[in-house]
Amino acid sequence: MSDTIFSKIIRREIPADIVYENDEVLAFRDLNPQAPVHVLFIPKRALATLNDATEADATLLGKLLLAAAEYAKQQGLAEQGYRTVLNCNEDGGQTVFHLHLHLLAGRRLHWPPG
Ligand code: AMP
């Protein structure tokens, strides 16, 4: 897949407000937050979209979710609640083609989304 702005963040070529990292996952604050807490969790091994994931990526996808939950617990967000979102392609609203999980928290989130 082609290089994206998120690959540059992983390589520390451009700045980001990094809030969480482990061997396989990096998380940083969204530049255009949609909630008081808006963090993006990305795999260091890039996949463009969820459509590109295979059985071999199942553990990695699970680790993205677990990293988001761990961060929410660390930040004291878990009990009040939060939302995770993974946008795929045009109708899903995906704009950066390095798969990422949004974690949104800190306000009551509406459902269904628009
Ligand atoms: P999506 O629309 O699901 O592809 O989400 C992409 C997200 O990346 C958007 O919420 C953007 O605000 C965010 N974003 C784009 N560039 C950056 C950046 N350099 N640092 C942090 N967040 C970014």
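Predicted model: local features only at pLDDT ≥ 70, side-chain atom pairs only at ≥ 80, totals over all residues.
I started with Asn-87: an N or O atom in its side chain is 2.8 Å from an oxygen atom of the ligand. I count a polar contact as a pair of N or O atoms within 3.5 Å. Numbering runs from 1 along each chain as its sequence is written, and side-chain values use heavy atoms, without hydrogens and water.

His-102 has a polar side-chain atom 2.8 Å from a ligand oxygen, and for His-100 the distance to an oxygen atom of the ligand is 2.9 Å. I then looked up cover: the protein takes up 84% of the 510 Å² of accessible area that the ligand has on its own (Shrake-Rupley method, 1.4 Å probe).

Who is around the ligand? I found 16 residues, with Asp-30, Asn-87, Gly-93, Thr-95 and His-102 coming nearest; a residue counts if one of its heavy atoms lies within 4 Å. H1 gives the largest share of this shell, 3 residues.

Last, I turned to Asp-57. I placed it in the loop between strand E3 (37-43) and helix H2 (58-74); helices (H or I, at least four residues) and strands (E, at least two) are DSSP runs numbered from the N terminus. Is Asp-57 buried or exposed? I read it as buried, at 5% relative accessible area (buried is under 20%, exposed over 50%, partly exposed in between; 1.4 Å probe, protein chains only). Leaving out residues up to four places away in sequence, Asp-57 touches Arg-45, Leu-47 and Asp-52, with contact meaning heavy atoms within 4.5 Å.

Technical notes:
Polar contact = N/O pair within 3.5 Å; in protein donor to acceptor, adjacent residues only side chain to side chain.
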